[in-house]
Amino acid sequence: MTAEPLLQIRELKTYFHTERGRVSPVDGVSLEVGKGEIVGIVGESGCGKSATAQSVLRLFDEKRLASYEGEIRYGERDLLRLTPKQMRSVRGNEISMIFQDPLSSLNPVHTIGDQIVETLRLHQSIGRREAAKKAVELLRLTGIPAPERRAREYPHQLSGGMRQRVMIAIALACQPQLLIADEPTTALDVTIQAQILELIQDLNRRLGMSVMLITHDLGVVAETCSRVVVMYLGQVVESGSVRDLFRKPLHPYTIGLMRSVPRLDGDRQRELPAVPGSVPPLHQIPSGCRFAPRCPYADDKCRSSQPELAALPGTDTQVRCWHAGRIAGWEAAQ
Amino acid sequence: MTSLTSLDSATSLDAAEDAAENSADSITTADERSPAELAAGRLRLRRENRRLFVRRFLANKSAVIGSALLLLVAVVSLLAPWLTGRDPYALEVADRLKPPGAEYPLGTDNFGRDLLTRVLYGTRMSAEIGFVVALSSSLLGLVVGLYAGYVKWLDQILMRVMDGLFAFPAILLAIAMMAALGPSVGNLMICLTIVFVPSIARLVRSSTLVAKEQTYVEAMHALGASHNRIVWKHLMPAALSPLIVQGSFVFAEAIIVEAALSFLGAGIPAPTPSLGNLLSDGKLFIYNSSWMTIFPGLALVVVVLAMNLFGDGLRDLLDPHARRAGKKR
C-alpha cells in the first residue's frame with residue numbers, strides 16, 4: 001500500500017492556449033506520491049509526463065500560455081490556489097526539480113558555488129559565508145570529489161555527470177520534501193546514469209525525500225521505483241506497484257512498452273516488437289479510448305467511448321481499459 | 001605562429017587536468033594530489049592564461065593602437081588645465097589669427113585665443129559628452145532591452161517606441177530635440193542619450209531573447225527565483241559583452257554628432273570650446289587661417305578613431321566568433 005501521501009494530484013488538467021486553439025497535454029491526471037516514496041512516471045515522448053511535472057510547480061506562463069484545472073494537494077495546501085509569491089516559496093524550497101539536460105541547466109557565467117549559494121539565500125535567511133560553507137557540504141553530499149575546489153569552478157569545467165550532481169546539489173539545497181526528476185539521466189552515458197540513479201536512491205533513503213522520477217526507460221523504473229504510473233496522451237492509463245505492474249501489466253499500452261524492451265535472453269534474429277503507430281498530435285485526439293487506434297485489442301466499444309481509470313478488484317493496480325478484466329484473465333491463463 | 005603553439009600547450013595542459021579529474025569522478029575518491037601541489041598548478045594555469053590573454057591583446061593591432069590613442073585622449077582630457085597655463089577664454093586682441101609658432105604652438109583664433117588650449121579643452125568637452133552619453137544610453141538601453149526581451153507584452157510597447165526613435169536620422173532627431181529644449185551641455189547629453197538608446201536596446205533585447213530560452217533560466221524559475229532576479233542575475237550577464245562593445249561605438253558616434261550639432265549651431269553655446277564650435281569658428285577663416293580648422297579637425301579624428309579602434313579590438317577580444325571570422329579573412 002502507499003505510504004502517507006505527500007502530493008496528491010486530482011483530475012489535473014493543463015491547458016495550453018495555442019494559435020490552433022486549446023490543447024491539453026495533461027488531461028485529467030490523478031496520482032499520488034507518498035512520503036519517502038519513489039514514484040516513476042513512464043510513457044513515450046509527448047505523453048504529458050514532463051507537462052505533468054512542470055504543472056506541479058506551475059512553471060508554465062499562466063498570463064498568456066497556460067491554465068490549470070483540478071487540484072494539486074501538497075500537505076494542507078492546494079498548489080493551484082497559491083499566489084505567485086507563495087508559489088515561489090514552494091519552488092526550490094519544498095519541491096525541487098532537476099532537468100533532463102545538465103549541460104544547459106547551469107548558468108555558464110556563474111560559478112557552481114555561487115549558484116548553490118543563490119538558491120540557499122533565495123529561501124533562507126543565511127549569511128553569504130555560511131551559505132558558501134553549506135554549498136561545499138552539499139557538493140560533498142552528492143559525491144563530488146574535492147568540493148571546495150569545484151565550488152569555485154564554472155560549469156564548463158565539469159563533465160556531464162558532475163554537472164547533474166551539481167544540479168542535484170542545488171535541488172537539495174533547501175532540503176525539499178519532494179524532488180521531481182525529469183529524465184535526469186537521458187543526456188548521460190550509461191555508467192554515469194547508474195551512478196546518478198544510485199545517488200537519487202541513496203538520498204531518498206537517507207533524507208526520506210520523496211521522488212517523482214520521470215523517465216521513458218522501464219529498466220530505470222524497475223531498478224529505482226516502488227510505484228509506477230504509466231501515461232498515454234495526457235492521461236494515466238495504468239498505475240500500481242512496480243512488482244505487480246511488471247509481473248502483470250494490464251493495459252495494452254503497458255504491455256506494448258514492456259515487450260519493446262530488448263532482452264538479453266531474447267531471440268536476436270526476431271525483430272523487436274514495437275507499439276504500432278505513433279503518439280498523435282494533441283489537437284487530433286481520437287474519440288473513445290485514446291489508445292484504441294494503436295491497440296491490438298480495440299473493438300467498437302473502445303472506439304466509441306472512453307474507459308475510466310478503475311481499480312482492479314483485489315489489487316492495488318488501477319487501469320484505464322475496457323478489456324482489463326479479460327486481459328488479466330488471458331495473462332493468467334498463459 | 002608562436003602564439004598558436006603556446007595556445008596548444010595550454011589546452012593540452014587543461015586536457016590533462018580534466019582527464020585526471022574525470023577519472024576521479026567515476027570512482028568518487030578524494031583527490032590524491034596534495035593541496036600545495038594543486039595550488040601551485042592552479043597558479044601556473046592562471047599565470048599561463050593571463051600571459052595568453054596579454055599576447056592575444058598585443059596581437060590585435062587595432063586594440064593596441066586604439067588603447068594607446070584612448071589613453072592619450074584620457075590624459076589630455078583629464079590634465080587639460082595643467083597642460084597649458086592659458087585660459088581658453090582669454091582674449092589677446094593684439095595676437096588675432098596668429099599662425100602656429102613659438103608662442104602659440106597651434107596659433108590663435110579670430111579673437112586672439114590660444115588654439116592649443118581651446119583644442120585641449122574641446123577634446124575634454126567632447127570626451128566628457130561621449131562618456132556620459134555612452135554610459136547613460138547603455139544603462140537605459142540595458143533596462144529597456146532586458147525587459148522588452150523578457151516580458152512579452154512590454155516588448156511590443158517598448159520596441160515600437162524604439163523603432164519610432166530609430167526611424168529618424170540621428171542628427172535630425174538631435175537637432176529637433178535641441179531646438180525644443182534649448183542649447184546647453186546638459187540638454188545635449190539628454191538628447192544624445194535618447195538618440196542612442198534604441199540601438200543599445202535592440203542589441204540587449206536580442207541577446208535576452210536568446211538567453212531566456214536556455215534551460216538554466218527555466219531551472220532558476222523552478223528553484224523559486226523571481227522574475228527580476230532572473231532578469232538581472234541570469235540574463236544581464238549574457239548581454240554585457242555586446243553591450244560594452246556597442247557602448248564604445250556609441251561613445252565615438254556621440255562625439256561626432258555633438259561636433260556636427262555644435263558646428264550647425266544647435267549644440268553647445270558659443271564661447272564654450274568644443275571641437276564642433278572650433279570647427280564652426282574656423283570655417284569663416286579657412287582660406288587665410290586654415291590652422292583654425294585643421295587642428296580641431298585632427299583632434300576630432302584622433303578621438304573618434306581611438307574609440308572605434310578600441311571598440312573593434314574589444315569586440316574581437318570578447319567575442320570568440322568574431323575573432324575566428326577575422327582570422328579567416
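View 1. Two strands pair if DSSP finds at least two bridges between them; strands (E, at least two residues) and helices (H or I, at least four) are DSSP runs, numbered from the N terminus. In this predicted model, local features need pLDDT of at least 70 and side-chain atom pairs count only at pLDDT 80 or more, while totals for chains, interfaces and linings use all residues. Residues are numbered from 1 along each chain as its sequence is written, and chains are lettered from A and ligands numbered from 1 in the order in which they are written. Here β11(A) and β12 (residues 318-319) of chain A run antiparallel, joined by two bridges. Look for A310(A), which stands opposite V319(A) in β12(A).

**View 2. The whole open sheet of chain A.** Step back and you can follow eight strands in the order β6-β7-β8-β3-β9-β10-β12-β11, with mixed pairing. At the edges sit β6 (95-98) and β11 (310-311) of chain A, each pairing on one side only.

**View 3. Helix α10 of chain A and its cover.** This helix spans residues 252-259, and its buried residues are P252(A), Y253(A), T254(A), I255(A) and L257(A). A residue is buried if 20 or more other C-beta atoms, placed from the backbone, lie within 10 Å of its own. Among the elements covering them are α8 (218-224), β9 (227-232), β10 (235-241) and α9 (242-247) of chain A.

**View 4. The largest nonpolar core.** A nonpolar core is a set of buried Ala, Val, Leu, Ile, Met, Phe, Trp, Tyr and Cys residues joined through C-beta atoms within 7 Å. This one holds 165 residues, of which M212(A), L192(B) and A254(B) touch the most other members. Helix α9 (residues 227-264) of chain B gives the largest share, 17 residues. Leaving aside residues up to four places away in sequence, A254(B) touches I129(B), G130(B), V133(B), A134(B), L192(B) and F196(B); contact means C-beta atoms, placed from the backbone, within 7 Å.

**View 5. Where chain B meets chain A.** On this side, 22 residues of chain B are in contact with 27 residues of chain A. Helices α1 (2-27), α8 (215-222) and α9 of chain B each supply at least two residues to the side touching chain A, and α8(B) brings the largest share, six residues.

**View 6. The helices of chain B.** Chain B has 12 helices and zero strands. UniProt, in an unreviewed entry, lists residues 127-311 of chain B as "domain: ABC transmembrane type-1". The end C-alpha atoms of that span lie 15 Å apart, and 83% of the span is helix.

Key: A residue is buried if 20 or more other C-beta atoms lie within 10 Å of its own, exposed if 12 or fewer, and partly exposed in between; C-beta atoms are placed from the backbone. Two residues are in contact if their C-beta atoms, placed from the backbone, lie within 7 Å. UniProt positions are given in the numbering used here, feature names are shortened, and annotations may be inferred rather than shown by experiment.
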